[in-house]
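Thanks for coming, everyone. Let's walk through one structure together, starting with a term we need throughout.

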Amino acid sequence: MTRMLILLAASTLLAGCRQYIPTEERPNIVFIFTDDHTARALSAYGSVVNETPNLDRIAQEGIRFDRCLVTNSICAPSRAVVLTGKHSHLNGQLTNGQRFDGSQQTFPKLLQAAGYQTSIIGKWHLRSAPTGFDHWQVLRGQGPYYNPLFLTEGDTLRMEGYTTNIITDLALEWLQSGRDPDKPFMLMYQHKAPHREWHPGPDHYNLYEDMDIPEPPTLFDDYTGRASPAAEQGMTIARHLDVTDLKLQAPRSMNEAQTAAWEAVYGPRNEAFHAANLEGDDLTRWKYQRYVKEYLRTVAGVDDNVGRLLGYLDESGLADNTVVIYSSDQGWYLGEHGWYDKRWMYEESLLTPLLVRWPGKITPGTVSDAMVSNLDFAATFLDLAGVGAPADMQGRSLKPLFTGETPEDWRTSHYYHYYEYPAVHCVERHYGVRTKTHKLIYYYNRDEWELFDLTDDPMELRSVYGDSSYQDLAVELKTELERLRVHYQVPDDDRPTGPCIPNERGVPVAPN
Ligand code: CA
């Protein structure tokens, strides 16, 4: 009798908290994705400017990839590469201005077909409605930092508060009560932060207040020693950050109470700027501090919220059977070369963070220096779910690299192609190849080349293209670049007309 009661109680308990227990082959997947987060603002990568203890946990308990390279360093195109596992010229998303073709094959659709429940919450930024998801709540466009509007299936949702916190609230709500507990799940938990214009949440207004953030050694780069595009862009801290970027006025999306709270900390409009009363390099230094602190404050908001999510996975018992992946859509300039923004094939925007935790499968503290890419994410997610990647996906699963060993036949060169020109920030179109030690870049509208020796010149300040001692290497790299273009089925160069002249906000203006 007693035994029967216990069995009854046990079965009632089980029915009350039915929880899908994934098999070894079908773990849950949580993909944490940010917008414009450089690895140099992540302490797992040795940041000298901030601490990110919660994100670091993923690296400490899993693997850190030190050479994850994007194929096209800009928001929407990177997201399309992640979804499709194909380069921009095949998935059709060459620039931010285009609308993603959601009718094409994506990894969420393939996971769905394999019995996974798929969900995306937060930043989407692809203009068309998400496809391949059982559940989606996405910011409209870029989304503001305060009081965001979410698009959902057939509805919109206006939320009051700080966007980074709200995205986490919605993700936790879906994990707790929105999903089908009988199915394995794949959640894309995607932040707007730390994208421009870097508005921190109220918890972080005062962070770094009484200190200076170290300046990068190339803050005052004069762009000599490189091809012409480097000097002609519109993304310098000195000349192209505006009053909104510099937080001389409260965010427009704030309500009255939020604005009052903001002004209590930051002061009334423009007060800080006038009080600074600076010019020349001193003014650039002031702008750098102003900008970089706000950027890092928004990163702190992400880190706190990732801590909330990891905490929930621990408490719910999901952590053991859930692969947690952290990455950003591309890297970013925190003052290197005097810049903010991304776009270039130079290291700071080419590299993006990639951390993976899989309890029992990945040895804590593993590090990989293999040349991996956001092109590989789709094949990796499918492999985790036991689904083979379709032959037309161009990346490879990273699962075999989770040991820290690199397979013998892994790639040793990476193809990059940036298209968005003429457009905001006026960064000339270019493509190129990066090997472990060198990088060749071709600005095809100008027929100008750059070659960097990354061992001798890791900050890429001196192109050695045309230098006779690098002549043989340049020929080799051109051959490799051509091989990659054939391998990835890149069409012939499209040569638009220019020019692009940036105004003080980095926005192109018509030439006189
Ligand atoms: Ca981005």
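Buried means under 20% relative accessible area, exposed means over 50%, and partly exposed is in between, with a 1.4 Å probe and protein chains only. With that in hand, take Asp 36. Asp 36 counts as buried because its relative accessible area is 0%.

Two ground rules. This is a predicted model, where local features need pLDDT of at least 70, side-chain atom pairs count only at pLDDT 80 or more, and totals for chains, interfaces and linings use all residues. Residues are numbered from 1 along each chain as its sequence is written, and side-chain values use heavy atoms, with hydrogens and water left out.

Back to Asp 36. Asp 36 sits in the loop between strand S1 (28-34) and helix H2 (53-60). Helices (H or I, at least four residues) and strands (E, at least two) are DSSP runs, numbered from the N terminus. The phi of Asp 36 is positive, about 75°, although Asp 36 is not a glycine. Most residues other than glycine have a negative phi, and most peptide bonds are trans. Asp 447 is another non-glycine residue with a positive phi, near 55°. Asp 447 lies in the loop between strand S15 (438-443) and S16.

Now the metal. Which residues supply the protein donors of the calcium ion? They are Asp 35 (OD), Asp 36 (OD), Cys 75 (SG), Asp 329 (OD), Asp 329 (OD) and Gln 330 (OE1), lying 2.1 to 2.6 Å from the ion. Donors here are N, O and S atoms within 2.8 Å of the metal, or 3.2 Å for Na, K and Ca; water is not among the atoms, so sites may look incomplete. Along the chain, the spacing of the donors reads D-D-x38-C-x253-D-Q. Cys 75 and Gln 330 are both buried.

Why is the arrangement around the calcium ion irregular? The six donor atoms subtend angles of 53 to 162°, and that makes the arrangement irregular. For the cut-offs: four donors are tetrahedral if all angles lie between 85 and 135 degrees; four are square planar and six octahedral if opposite donors are over 155 degrees apart and all others between 65 and 115; anything else is irregular. Ideal angles are 90 or 180 degrees for six octahedral donors.

Next, charges. A salt bridge is a side-chain nitrogen of Lys or Arg within 4 Å of a carboxyl oxygen of Asp or Glu. The whole structure has 29 of these salt bridges. Asp 36 turns up again here, in a salt-bridge network with Asp 341, Lys 342, Arg 343 and Glu 420. Within that topic, Asp 341 and Lys 342 pair at 3.9 Å, N to O. Asp 341 is buried, at 3% relative accessible area. Lys 342 is buried too, at 3%.

Arg 411 and Asp 376 form a salt bridge at 2.7 Å, N to O. This pair links distant parts of the chain: Arg 411 is in the loop between H13 and strand S13 (413-418), and Asp 376 is in the loop between strand S12 (372-373) and H13, 35 residues apart. Both Arg 411 and Asp 376 are buried. As for helix H13 (residues 377-384), seven of its eight residues are buried. Gly 386 follows H13, with a positive phi near 80°.

Arg 64 and Asp 66 also meet in a salt bridge, at 2.6 Å, N to O. Asp 66 is partly exposed, at 30% relative accessible area.

Which charged residue is buried yet has no salt bridge? That is Asp 453, and the nearest side chain of opposite charge, Arg 462, is 6.8 Å away. Lys and Arg count as positive, Asp and Glu as negative; His and the chain ends are not counted. Asp 453 lies in strand S16 (residues 448-453).

Last, two peptide bonds. The bond from Ala 193 to Pro 194 is cis, with omega near -10°. Pro 194 is in the loop between strand S8 (185-190) and helix H7 (229-232). Arg 196 and Glu 197 are also joined by a cis peptide bond, with omega about 15°. Glu 197 is in the loop between S8 and H7.

That's my tour.
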